[in-house]
Amino acid sequence: MNTKLWNPSTLTIENEPSIEEAAKLLRDRQVVAFPTETVYGLGADATNEEAVQRIFEAKGRPADNPLIVHVADVGQVEELTEDIPPVAYQLMETFWPGPLTLILKSNGQAAKNVTAGLSTVGIRMPDHPLALALLKQSGVPLAAPSANRSGRPSPTEASHVYQDLNGRIAGILDGGPTGVGVESTVLDLSSSVPVILRPGGITKEDIEKVVPEVVFDPALKGGKDKPKSPGMKYTHYAPESPLWLVYGDDEYFKQQLDQLIEKGERVGVIASKELAGQLQFDRVIECGSRERLEEIAVKLYSALREFKKSDVDVILCESFHSHGVGAAVMNRLEKAAVRTLKQQ
């Protein structure tokens with residue numbers, strides 16, 4: 001399969017022929033990658049099982065992992081779900097379009113391989129002009145996990161999608177780098193107390209301004225239950241070389257780096273600008289300030305893709321606090337890491 005790469009203009013988006021071409025491919029049950037405000041998504045008609053199966057084949061993704069459905073308006077939510085609680089409308093009004101996925105009761109209109117056999121479905125409205133234009137032009141809700149091979153870091157640029165999926169999908173809409181950098185927050189509204197199944201671009205503190213009581217799912221720390229949300233099972237976000245996550249102060253990090261270098265290991269470092277400025281070392285990727293984890297989130301996946309197996313044996317990564325968007329950053333790093341080093 002030849003993968004088409006479109007570079008549409010967001011200035012003339014309503015008359016953009018590449019959007020209609022991509023939309024036609026989606027109506028023909030093909031798979032197309034497109035930008036959202038979080039990461040690039042891999043879209044297919046969420047109501048068609050054959051089309052959705054092509055997502056799993058392209059990604060090499062296990063079929064027991066549910067997919068998030070992207071919609072253009074609240075009307076499409078009502079077409080896919082039933083018994084929508086009033087709080088869902090409050091959250092849509094406050095955060096949509098934006099990086100918040102709501103888990104609602106499915107009415108069976110979504111394909112079975114979208115919900116992975118669950119009675120619920122995850123839905124969100126993306127905050128990106130190309131994504132919304134594609135949804136409107138195609139006329140169908142789009143199941144759209146991140147547009148990468150399963151287990152790899154999520155793509156925040158079209159070039160990342162091309163590296164992973166060239167020849168495996170029909171096309172890629174290039175909308176430039178994404179803005180948030182980590183996937184949407186997934187909020188389960190199917191129980192009496194809303195539960196965050198995956199931290200993301202909307203923080204717990206943001207949600208609490210609308211919903212008085214919100215809790216994190218204990219399964220975020222591990223568990224063998226059937227996943228209700230993407231990102232709850234299997235290895236995710238892994239770079240080519242093993243990632244070691246370091247918990248401790250800057251001196252402890254430098255000690256661990258020195259020890260690895262003394263052993264002859266080729267080391268790459270992912271760090272904040274505060275730590276990177278203290279290191280007399282060449283292979284350092286600076287991800288922004290530890291005082292502004294929104295910066296870290298934007299650059300995280302690109303940094304995880306930067307070091308190749310041929311260049312480094314180990315990637316040593318700084319850890320961060322878990323407040324606000326830090327919960328999403330640390331969730332992704334903990335899933336990507338094969339080893340943790342903790343200061344006593």
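The model is predicted: local features need pLDDT of at least 70, side-chain atom pairs count only at pLDDT 80 or more, and totals for chains, interfaces and linings use all residues. Residues are numbered from 1 along each chain as its sequence is written, and side-chain values use heavy atoms, with hydrogens and water left out.

**Sheet**

- Strands (E, at least two residues) and helices (H or I, at least four) are DSSP runs, numbered from the N terminus. Two strands pair if DSSP finds at least two bridges between them.
- S5 and S9 (residues 185-188) run parallel, joined by 4 bridges. Ile 103 stands opposite Asp 188 in S9.

**Nonpolar cores**

- The largest nonpolar core has 48 residues. A nonpolar core is a set of buried Ala, Val, Leu, Ile, Met, Phe, Trp, Tyr and Cys residues joined through side-chain atoms within 4.5 Å. Buried means under 20% relative accessible area, exposed over 50%, partly exposed in between (1.4 Å probe, protein chains only).
- Leu 91, Trp 96, Leu 102 and Val 114 have the most contacts inside this core.
- Elements that each supply at least two residues of this core include S3 (41-45), H2 (49-59), H4 (86-95) and S5 (100-105).
- Beyond its neighbours within four places in sequence, Trp 96 is in contact (heavy atoms within 4.5 Å) with residues including Val 71, Leu 91, Leu 102 and Ile 123.
- A second, separate core has 27 residues, among them Leu 245, Ile 296, Leu 300 and Met 330.

**A buried loop residue**

- Asn 48 sits in the loop between S3 and H2. Asn 48 is buried, at 16% relative accessible area.
- Leaving aside neighbours within four places in sequence, Asn 48 contacts Arg 29 and Ala 111.

**Cysteines**

- A disulfide is a pair of cysteine sulfur atoms within 2.5 Å. By this rule the count is 0.
- Cys 287 is in no disulfide, and its nearest cysteine sulfur, that of Cys 317, is 6.9 Å away.
- Cys 287 is buried at 1% relative accessible area, and Cys 317 is buried at 0%.
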